[in-house]
Amino acid sequence: MESYQELSPREFLARSLGASPAGPPGPSVTRWERLGRRSAAELVADVLPDVVELCTSGSTGPAAPWRHSRRQLWSEAGMLADLVRADRPRAVLSFAPPAHLYGLIATALLPAVLGLPVCYWPRYGLPVPAIDADRWLVVAIPWAFPVLLRDPSVLGRSEHVTVMHSTATLPATAGEFVSATGPGRVRLVELFGSTETGAIAHREHTTAPSPWTLMDDVRFDGDPADGRLGVSGPRLALTPEGRPMARWTTDDHVQRLDDRSFHFHGRRHRLIKVNGRRIDLDLVEERLRAALPCADLTCVPVPDRLRGEHVELIVAGPHEPHLVRRRTTEALRGLGVTVGHIRIVDRIDRGDTGEPRPFADRGVTGP
């Protein structure tokens, strides 16, 4: 069985930045607790260049590069540390690849700020982390929750688990993990942001959807009536001249509640209109995952001459292919959604943060 390699903080950072001939980090343990905070900060300043270029995930089109300063990255790591410090974690288990902004900050830099050992888990099929701790901070992306649910021994006899999640809508398996772990033993912190902006907002997951609260250094920007989320702040990506952008308008549709909080209604590329009604495809997928036992699935918006748009459903490895159409119809009846076409495929091509590749590039096979 594959084991974890122990990497020094310097080596892990270098590999995370693509600056090591050994390539990106694999399953590994890095022990930041052996350095003091000042030494950790000095090491980060020595290894990270003044400006780091990182790419978007590519889930909505070709991956695009954006630049952030070392100061911005270290500042955001400190802000994330402030969100979880009161939980007193003693070790970090991270699933987030450091090739992307969230992973670089939460996997590579957040443990440095907190002075904690970190176990990096980059793929399925790995053994129990090579760290023994009773209070964990889990840096999660969507596929982390099935791993944690499938093998409770991953976190051992944990006294408390703090989960930090970003990169996508929180999957239903997150709630299942909270229930399975036991009441009062899990705190789930969600982050809202992008490669262009860094972390914009945060919230604590509860049974009822709660508002998002802006990070301390973020402000709303633009006309609230527009419906799209516009922000300003010192951690926006850099202009070609090396200064943070003055403002950025995201593809997210929100409702501002006051000058610091908002409700999120969906991402533009995941919202469709069918017969004049706006539908969030992330919600549609969650309903279908509960109804269709399968290896994976995703929904794709498709233009429709009569209805404006409809949904194409791609299902990988369904347990009962002959029941997919009927169960899909039943699961979506309450939403008023119908699926125009269903494709049964072998697999769905996803990026390393778990998001589906653009439809034209998925390379799926099947009828």
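Let me begin with a definition: by a nonpolar core I mean a set of buried Ala, Val, Leu, Ile, Met, Phe, Trp, Tyr and Cys residues joined through side-chain atoms within 4.5 Å, where buried means under 20% relative accessible area, exposed over 50%, and partly exposed in between, with a 1.4 Å probe and protein chains only. What you see is a predicted model, in which local features need pLDDT of at least 70 and side-chain atom pairs count only at pLDDT 80 or more, while totals for chains, interfaces and linings use all residues. Residues are numbered from 1 along each chain as its sequence is written, and side-chain values use heavy atoms, with hydrogens and water left out.

First, confidence. The predictor's confidence in each residue, pLDDT, runs from 0 to 100; the protein chain averages 86, and 89% of the residues score at least 70. Over residues 359-367, however, pLDDT stays under 50, and for that stretch the model has 24 contacts beyond four places in sequence, a contact being heavy atoms within 4.5 Å. Where pLDDT is low, the predicted coordinates should not be read in detail.

Now the overall picture. The protein chain has eight helices and 20 strands, taken as DSSP runs (H or I, at least four residues, for helices; E, at least two, for strands) and numbered from the N terminus. Of its 367 residues, 53% count as buried, and among contacts between residues at least 6 apart in sequence, 60% join residues at least 24 apart.

Which residues have the most contacts inside the largest nonpolar core? That core has 85 residues, and the ones in question are Leu 93, Phe 95, Trp 121, Val 138, Leu 155, Val 163 and Phe 262. Helix α4, residues 101-114, gives the most to this core, with 11 residues. A second, separate core of 17 residues includes Leu 292, Leu 297, Leu 332 and Val 339. Returning to Trp 121, and leaving aside residues up to four places away in sequence, its contacts include Leu 93 and Phe 95, along with Tyr 4, Pro 127, Trp 143 and Val 154.

Six of the eight residues of α1 are buried, so α1 is largely enclosed by the rest of the structure. The buried ones are Pro 9, Phe 12, Leu 13, Ala 14, Arg 15 and Ser 16, and they pack against β1, β2, α2, α4 and β6. After α1 comes Gly 18, with a positive phi near 75 degrees. In helix α6, residues 172-181, the buried residues are Thr 173, Ala 174, Phe 177 and Thr 181. Seen down the axis of α6, these fall within an arc of 110 degrees, so they line one face of the helix; the arc is that of the directions from the helix axis to the C-beta atoms. Their cover includes α5, β8 and β9, and just after α6, Gly 182 takes a positive phi of about 115 degrees.

Next, the aromatic rings. Rings of Phe, Tyr and Trp (its six-membered ring) pair if their centres lie within 6.5 Å, and planes under 30 degrees apart count as stacked, over 60 as edge-to-face and the rest as tilted. By this rule the count comes to 10 aromatic pairs. The rings of Phe 12 and Tyr 120 have centres 6.0 Å apart and planes at 80 degrees, so this pair is edge-to-face. The pair links distant parts of the chain, with Phe 12 in helix α1 and Tyr 120 in strand β6, 108 residues apart. Phe 12 is buried at 1% relative accessibility, and Tyr 120 is buried at 5%. For Tyr 124 and Trp 143, the centres are 4.9 Å apart and the planes at 40 degrees, so that pair is tilted. Here Tyr 124 is partly exposed, with a relative accessible area of 48%, whereas Trp 143 is buried at 13%. Elsewhere, Phe 192, Trp 212, Phe 220, Phe 262 and Phe 264 form one aromatic cluster.

One backbone detail to finish. Most residues other than glycine have a negative phi. Arg 88, a residue other than glycine, has a positive phi near 55 degrees; Arg 88 lies in the loop between α3 and β5, and is partly exposed, with a relative accessible area of 46%.
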